[in-house]
Amino acid sequence: MTDAAVAHTTAIAEQAQALLEQIYGYREFRSGQLQVIEQVVSGRDSLVIMPTGGGKSLCYQLPALLLPGLTVVISPLISLMKDQVDALKESGVAAAALNSSLDRQQVSELFSQISRGEIKLLYVSPERLMSLQQMLHQWPLSLVAVDEAHCISQWGHDFRPEYAQMGWIKQQLPHIPVMALTATADEATRQDIVNRLALVNPHKHLSSFDRPNIRYTVVDKLRPLAQLQQYLKSQQGNAGIIYCGSRRRVDELTEKLSAAGYKVGGYHAGMSADERAHTQEAFLRERLDIVVATVAFGMGINKSNVRYVVHWDLPKSIESYYQETGRAGRDGLESEALLLFDPADIARVRHLLDQAENGANPVDLHKLNAMAAFAEAQTCRRQVLLNYFNEPSHAACGNCDICTDPPKRYDGTIEAQKALSCVYRVGQRFGVGHVIEVLRGSSNSTVLDRGHDKLSTWGLGKEKSHDHWLSVFRQLIHHGLLQQDITRHSILLLTPAARAILKGERALELAEPRLALAKAPSRRSKALPQDYDRKLFAKLKSLRRTLADEAGKPPYVVFSDATLAEMAAEMPTRDFELLGISGVGETKLERYGEPFLNLIRDYVDS
Ligand code: ADP
Ligand code: ZN
């Protein structure tokens with residue numbers, strides 16, 4: 001770099017830092033953000049890959065503030081645009097969204113504002129962008145940012161044809177820098193994005209995919225509803241998302257949780273647009289704690305304080321799993337990802353894939369296998385995930401179930417013998433449930449009617465719980481010692497390999513079932529207050545909600561949970577102290593400083 005260029009980037013860095021503090025109230029950039037901003041502001045195209053919650057928005061919002069003219073942001077979902085525009089306006093930034101909710105009059109007013117240079121950021125959908133080709137030549141345009149850029153690629157998991165056609169931007173406006181942002185990392189998608197957008201020698205930024213504040217846990221799915229309810233008790237009052245594999249299960253689970261007294265709403269593509277909007281809005285406004293949803297939910301959810309994500313069913317790929325779990329903890333506070341895992345889900349999803357017209361797509365099968373391997377892994381979950389995203393990490397993380405509660409293995413030969421011989425004694429004509437009843441010495445009518453209480457294996461396993469045996473049977477199936485005949489009510493059949501175990505020629509190691517969540521302190525991210533006053537935090541949250549309701553905005557637009565937690569730790573009572581809290585910028589201080597300071601002062605005094 002020449003001296004002049006060095007001086008130029010230093011000046012950009014200083015201005016960027018000043019805006020970061022003043023507008024967002026943040027103290028420092030996250031890794032990679034500043035480099036991206038510098039490159040974009042000096043006119044270079046860029047490709048930014050950061051995990052969900054990594055802080056992509058800042059990468060185009062700050063350049064938008066630093067550059068003289070308009071930044072157009074292409075974003076696939078109206079709800080997402082609305083959130084971002086709300087949040088920006090709240091921080092005193094002139095932002096607007098061009099969407100179908102505006103009438104002609106409003107659109108023409110917006111266009112005049114843009115022509116007068118009064119708008120810094122304009123959010124548009126890809127469909128709408130096409131109609132703006134002429135205008136873009138006339139407007140004082142400085143930058144185009146394409147969010148969720150993986151939608152461009154056929155290899156991505158959300159392909160959208162309107163996205164694929166955006167190559168014209170670079171052709172018609174070669175002097176305007178274009179940036180593409182996504183959370184999808186695979187190489188094929190990345191290359192596709194660069195090609196289709198015709199980016200010129202783009203600056204590429206690839207963040208670490210690690211989300212250290214998310215704890216990954218997988219439990220054996222045995223009695224899922226009871227397990228889930230037990231888990232939800234530990235999350236009372238927190239926001240969470242429960243993903244299910246089908247619409248029917250979403251409806252059922254929503255109903256059950258609602259009957260159990262939870263503030264819960266459902267979300268899937270089979271519901272009307274109104275119903276979906278209602279659930280989403282209520283979740284954002286903290287009128288609902290839980291959303292039960294299919295994968296249809298989430299792309300537009302910019303809620304930063306989702307504390308947990310539960311997968312009731314096995315996701316189809318690690319990409320989806322990672323994207324969905326990534327919706328937890330965007331504020332950097334401790335969060336959890338819980339997967340309820342039944343090995344039978346693998347067969348179920350595989351079966352679904354096989355239904356496709358030309359048989360299962362090999363790419364889909366490969367992705368499913370990787371997901372299954374993750375669920376069955378006996379090593380640090382985070383290592384498995386990061387490895388999958390080509391980011392091998394050598395140290396175990398200390399913040400997943402495997403790290404905090406290592407799997408215990410034991411000599412399961414005798415249990416396996418009991419189980420296998422019981423399958424044999426019932427004539428290989430019954431499913432897992434019945435065989436367990438017999439093993440545990442049940443006197444239910446099916447057992448008595450069949451005379452199975454007379455079998456030598458009746459009651460042989462009564463010292464172990466039903467769940468324990470269920471886990472044993474699953475492992476025996478997994479080890480190829482038993483087979484389930486799905487064409488005949490899933491009855492259990494012995495395989496030839498079972499012989500050696502039954503005859504005592506071979507020993508078998510089994511794993512203890514993983515039933516409950518390991519309770520363990522997590523590694524906290526460094527920006528997080530270690531100790532904050534929970535009572536004050538609750539009061540601050542309730543004040544935030546009141547203010548947000550008055551303004552007709554979602555609460556996190558006022559302040560994030562992380563910001564409130566820091567207030568509850570530092571207890572600022574004066575303006576300048578409040579400004580020192582991460583997330584409090586000048587506009588927000590002006591707008592909300594007083595009520596929050598009053599509350600904290602009262603609290604400190606009492
Ligand atoms: P995504 O990459 O998923 O689009 P966002 O841009 O929504 O992520 O950022 C996630 C959260 O992190 C937001 O609440 C955002 O305000 C916050 N954030 C981004 N950059 C910083 C920073 N440098 N310091 C503190 N918080 C930040
Ligand atoms: Zn780990």
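**Reading the definitions against the model**

Author: In this predicted model, six strands form an open sheet with parallel pairing, in the order β8-β13-β12-β9-β11-β10; strands are DSSP runs of E with at least two residues, helices runs of H or I with at least four, both numbered from the N terminus. Residues are numbered from 1 along each chain as its sequence is written, while chains are lettered from A and ligands numbered from 1 in the order in which they are written. Local features need pLDDT of at least 70 and side-chain atom pairs pLDDT 80 or more, whereas totals for chains, interfaces and linings use all residues, and side-chain values use heavy atoms, with hydrogens and water left out.

Reader: Why do β8 and β10 stand at the edges of the sheet?

Author: β8 (214-220) and β10 (264-267) each have a single partner strand, so one side of each is left without a neighbour in the sheet. From one strand to the next, the twist averages 15°.

Reader: What makes β9 and β11 a pair?

Author: Two strands pair if DSSP finds at least two bridges between them, and β9 (residues 239-243) and β11 (residues 290-293) share four, in the parallel sense. Within this pair, I241 has V291 as its bridge partner in β11. Helix α13 (residues 273-284) packs on the sheet, where it touches β9, β10, β11 and β12, and its direction makes about 140° with that of β10, axes being lines fitted to C-alpha atoms (for helices over the stretch in contact) and angles running from 0 to 180 degrees between N-to-C directions.

Reader: Which strands does β1 pair with?

Author: β1 (residues 46-49) is joined in the parallel sense by four bridges to β6 (residues 178-182), and four bridges also join β1 to β7 (residues 203-206), again running parallel. L47 stands opposite A180 in β6, and V48 has H205 as its bridge partner in β7.

Reader: Why is S317 called buried?

Author: Buried means under 20% relative accessible area, exposed over 50% and partly exposed in between, with a 1.4 Å probe on protein chains only; S317, at 8%, therefore counts as buried. S317 is placed in the loop between β12 (306-311) and α14 (318-325), and beyond four places in sequence S317 touches K367 and M371, contact meaning heavy atoms within 4.5 Å.

Reader: How do you know that M81 counts as buried?

Author: M81, in helix α4 (residues 78-90), has 1% relative accessibility and for that reason counts as buried. Leaving aside neighbours within four places in sequence, M81 is in contact with S75, A97, Y123, V124 and S125.

Reader: Which residues are the protein donors of the zinc ion (ligand 2)?

Author: C380, C397, C400 and C403 are the donors, each through SG, at 2.3 to 2.4 Å from the ion; donors are N, O and S atoms within 2.8 Å of the metal (3.2 Å for Na, K and Ca), and since water is not among the atoms, sites may look incomplete.

Reader: What makes the arrangement around the zinc ion (ligand 2) tetrahedral?

Author: Four donors count as tetrahedral if all angles lie between 85 and 135 degrees, and the four donor atoms here subtend angles of 101 to 118°, which makes the arrangement tetrahedral.

Note on methods:
Four donors count as tetrahedral if all angles lie between 85 and 135 degrees; four count as square planar and six as octahedral if opposite donors are over 155 degrees apart and all others between 65 and 115; anything else is irregular.
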